[in-house]
Amino acid sequence: MTDFIKQFSSQAIKALEHVPETEIAKALSILQACFERGGRIYAFGNGGSYGLASHWVSDFNKTVFSHHLDKHDDRFQAIRVPSTTEELTAWANDVGYDMVFAGPLKNLLQDKDVVIAISSSGNSANVIKALELAKKRNVPIIGLSGFDGGKLNQMADAKILVKTEKGQYELVEGVHDVILHMIIKYFKNYFDYQIERNAKA
Amino acid sequence: MIIVRAPMRMSFVGGGTDLHAFYSKYPGRVVSTAIDKFVYMVLNRTPLVPKYSARYSISETVDKISDLKNSRIRAALEDLEVPIGIEIASFAPLPSRTGLGSSSSFSVALLKALSLYQGKQMNKREVAEAASRLEIDLLNEPIGKQDQYAAAFGGFNLIQFNPDGTVTVEPILLDYKKHADFEDHLMLFYTGITRDAASVLTEQKANSGKKFEVLKKMSDSALTFRDTLLKGNFEELGSMLHEGWQLKKTLASNVSNGVIDSLYGGGMKAGAWGGKILGAGGGGCIMFLAPINQKAKIRAAMKQAAGKGKLSGFKEIPVKFVQSGVEVMFNHD
């Protein structure tokens with residue numbers, strides 16, 4: 001049994017060692033610019049990736065300013081799309097499953113915003129539909145994909161591809177989770193540092 | 001109403017290599033960053049007021065585009081054949097001709113706003129190209145393309161101007177600590193001397209054949225500047241700025257003058273690692289990189305030199321770097 005554990009762990013380590021640093025840095029810059037202009041972040045994906053989007057959004061909103069919520073004047077909000085199960089089922093039932101993200105986004109998305117799309121295959125039809133909308137509105141795309149990246153990786157401005165063999169969902173989703181937490185940690189540290197720096201000045 | 005903003009920029013190395021006369025023979029390169037001083041452009045449709053109205057440092061309301069005094073607004077409206085019934089207003093925290101690229105920020109914000117006004121979408125590169133075309137091709141200004149790209153893209157970039165006319169924008173990805181560190185070592189002073197980039201650049205353009213080797217050196221130094229910036233070695237960056245400024249002074253007779261030299265010399269003597277004049281030269285802003293504990297001394301020295309030079313508009317400008325490029329702040333047409 002330990003052999004299996006060792007083998008999986010070493011695959012995970014290998015995937016982590018090869019995370020695309022420059023693309024993650026680009027994603028951080030895109031989010032930084034979004035913060036500066038007072039935009040919002042919309043995150044989405046299917047199945048486990050939907051879970052990742054929810055987890056990221058809740059962590060981000062709860063913790064990003066948490067140490068000094070009252071000391072920051074600007075706000076930085078993330079929203080999972082769609083934000084309720086009711087919307088999800090309504091779009092799926094009334095219009096079609098390929099519109100569950102693009103439908104609600106049509107109503108929400110403004111020029112100032114950023115989208116984070118999460119898809120292991122990078123080819124989920126509903127994710128691509130939402131990205132076509134983002135592209136049309138010139139909204140920057142942060143794309144987290146796996147395997148060979150699919151269409152998502154081609155369309156994204158920050159191409160966070162966790163390259164694996166096809167079908168390695170566990171590895172891809174696991175590494176995506178680490179990268180998403182890394183993004184939160186970066187902004188948490190950044191906002192803490194701003195307060196420290198202001199205190200010194 | 002449509003509200004678009006574009007940042008001004010600070011350019012560190014390679015200014016002048018973005019002129020066609022140079023980059024058609026050898027790749028031009030510039031390292032610059034967007035700063036937290038924005039030109040805001042507001043557009044409003046006025047179907048019930050059949051006029052062209054422009055508000056900037058002055059206010060004008062006319063019946064024909066060709067009657068507008070503002071050359072940028074006039075050329076853009078003519079080129080895009082914008083129908084009558086529009087108000088255009090711009091807002092900026094600093095005067096023009098400070099060397100912070102504000103006139104290109106103006107063009108970039110204007111063209112992005114006009115594209116939305118006409119129901120079109122332009123990405124950053126398209127806006128940068130449209131602004132370059134407006135200023136260089138339509139208005140025949142003897143300027144380069146670095147400011148349009150800096151204003152459209154935002155953040156720190158190494159911008160390369162290729163001989164085939166294409167432009168490569170390579171973001172220099174610095175974390176928040178390096179940004180903050182850089183800001184803490186930086187000082188920016190407005191000399192109060194306004195100058196027209198055109199007068200300096202016209203001479204520089206005429207000289208670019210003779211000064212080819214100097215410009216080549218300046219272009220190559222942008223690569224070293226990028227690498228040193230990524231390492232966060234601000235003392236080294238300071239001396240690179242100093243060398244660059246010495247080179248730049250040789251490009252045209254009016255890049256510097258007595259007052260500028262005494263201001264710059266004063267800052268260096270007071271302990272700055274290095275610095276430069278921003279923009280084409282002849283006036284505008286002076287930037288220094290300096291040890292944090294020498295900043296008070298430099299500030300005092302600069303004030304004294306400015307007093308001697310009778311520079312009534314002299315002022316220190318606090319500055320922060322921003323990641324933002326051209327951005328749509330409001331779009332409810």
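Five strands of chain A line up in an open sheet, in the order S2-S1-S3-S4-S5, and they pair in parallel. Keep in mind that you're looking at a predicted model. Chain A also touches chain B: 15 residues of chain A are in contact with 16 residues of chain B. Here's a quick tour, starting with the sheet.

**The sheet in chain A**

- Which strands stand at the edges? They are S2 (78–80) and S5 (158–163) of chain A, and because each has a single partner strand, one side of each is left without a neighbour in the sheet.
- Going from one strand to the next, the twist averages 15°.
- Let's zoom in on one pair: S4 of chain A, residues 141–147, runs parallel to S5(A), and six bridges link the two.
- For an example of bridge partners, find A:Gly143, then look across to A:Lys159 in S5(A).

**A helix across the strands**

**Chain A as a whole**

- If you count up the secondary structure of chain A, you get eight helices and five strands.
- Follow the chain A sequence and the pattern reads α-α-β-α-β-α-α-β-α-β-α-β-α.
- Along its principal axes, the C-alpha trace of chain A spans about 55 × 50 × 30 Å.
- How does the radius of gyration of chain A fit a compact globule? A compact globule with 201 residues would come in near 17 Å, and chain A has 17 Å, which agrees.
- Of the 201 residues in chain A, 44% count as buried.
- Take the contacts in chain A with a separation of 6 or more: 69% of them are between residues 24 or more positions apart.

**Where chain B meets chain A**

- The contact involves 16 residues of chain B and 15 residues of chain A.
- On the chain B side, the elements giving two or more residues are helix H6 (176–185) and strand S12 (327–331).
- Which element gives the largest share of that side? S12(B) does, with four residues.
- Sort the chain B residues on this side by type and you get seven nonpolar, seven polar and two charged.

Conventions
Residues are numbered from 1 along each chain as its sequence is written. Chains are lettered from A and ligands numbered from 1 in the order in which they are written. This is a predicted model: local features need pLDDT of at least 70, side-chain atom pairs count only at pLDDT 80 or more; totals for chains, interfaces and linings use all residues. Two strands pair if DSSP finds at least two bridges between them. Axes are lines fitted to C-alpha atoms, for helices over the stretch in contact, and angles run from 0 to 180 degrees between N-to-C directions. Two residues are in contact if their C-beta atoms, placed from the backbone, lie within 7 Å. Ala, Val, Leu, Ile, Met, Phe, Trp, Tyr, Cys and Pro count as nonpolar, Asp, Glu, Lys and Arg as charged, and the others, Gly among them, as polar. The radius of gyration is taken over C-alpha atoms; the globule rule is 2.2 Å times the number of residues to the power 0.38. A residue is buried if 20 or more other C-beta atoms lie within 10 Å of its own, exposed if 12 or fewer, and partly exposed in between; C-beta atoms are placed from the backbone.
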